[in-house]
Amino acid sequence: MAKLAQIEKELYEQFKRDYPVFKQGDMIKVYYKIREKDKERIHPIEGVVIKIQGALHRKSFTLRRISFGEAYEVTFPYYSPNIDKIEVVKPSRRKPRRARLYYLRKRIGKKAFIT
């Protein structure tokens with residue numbers, strides 16, 4: 001088992017990026033690269049982080065965004081080569097009491113954020 005842990009640690013060091021520190025409840029903006037045929041563009045997605053899961057190189061986070069009354073969630077691998085950059089737009093002032101903020105799915109508007 002120690003050998004597997006050593007290999008995972010080496011992989012983690014290889015993928016490591018310097019993103020800002022964010023947690024559940026923070027509003028972040030992810031600049032994601034999208035390929036359309038032979039073109040590539042950067043698409044910003046802004047939303048609330050409702051969950052962070054995994055560890056080391058398997059880490060991922062889920063973003064929830066409400067747009068024109070419709071909500072959608074996007075899960076990003078933390079070390080994806082398609083993520084150009086991440087910026088924290090608005091950190092949550094209170095520390096959430098849960099690791100997964102699924103209760104935000106039932107809320108709309110300003111109530112859908114942890115202030």
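P81 lies in the loop between β4 (70-77) and β5, where strands are DSSP runs of E with at least two residues, numbered from the N terminus. With a relative accessibility of 58%, P81 counts as exposed, the classes being buried at under 20% relative accessible area, exposed at over 50% and partly exposed in between, for a 1.4 Å probe and protein chains only. Along the chain P81 and I42 are 39 residues apart, and their C-alpha atoms are separated by 12 Å.

The model is a predicted one, in which local features need pLDDT of at least 70 and side-chain atom pairs count only at pLDDT 80 or more, while totals for chains, interfaces and linings use all residues. Residues are numbered from 1 along each chain as its sequence is written, and side-chain values use heavy atoms, with hydrogens and water left out.

## Pairing of β1

Strand β1 (residues 27-36) runs antiparallel to strand β2 (residues 39-53), and 10 bridges join the two; strands are said to pair if DSSP finds at least two bridges between them. Within this pairing, I34 has R41 in β2 as its bridge partner.

Strand β1 is also joined to strand β5 (residues 83-90), again in an antiparallel arrangement, by six bridges. Here M27 stands opposite K90 of β5.

## The turn at K37

The hairpin of β1 and β2 has two residues between its strands, and K37 takes a positive phi near 55° there. Most residues other than glycine have a negative phi. K37, in the loop between β1 and β2, is exposed, with a relative accessible area of 87%.

## I66 in β3

I66 belongs to strand β3 (residues 60-67) and is partly exposed, its relative accessible area being 35%. The C-alpha atoms of I66 and L11 are separated by 35 Å, the two residues being 55 apart along the chain.

## A positive surface patch

On the surface, R94, R97, R98, R107 and K111 gather in a patch of positive charge. A patch is made of residues with over 30% relative accessible area and no salt bridge, like charges being joined within 9 Å; a salt bridge is a side-chain nitrogen of Lys or Arg within 4 Å of a carboxyl oxygen of Asp or Glu. Charges are placed at NZ of Lys and CZ of Arg.

One member of the patch, R107, is found in the segment after β5 and is partly exposed, with a relative accessible area of 37%.

Notes: Helices (H or I, at least four residues) and strands (E, at least two) are DSSP runs, numbered from the N terminus. Patches are made of residues with over 30% relative accessible area and no salt bridge: like charges are joined within 9 Å, nonpolar side chains (Val, Leu, Ile, Met, Phe, Trp, Tyr) within 5 Å. Accessible areas come from the Shrake-Rupley method with a 1.4 Å probe; for residues, only the protein chains shown count as cover. Lys and Arg count as positive and Asp and Glu as negative; His and the chain ends are not counted.
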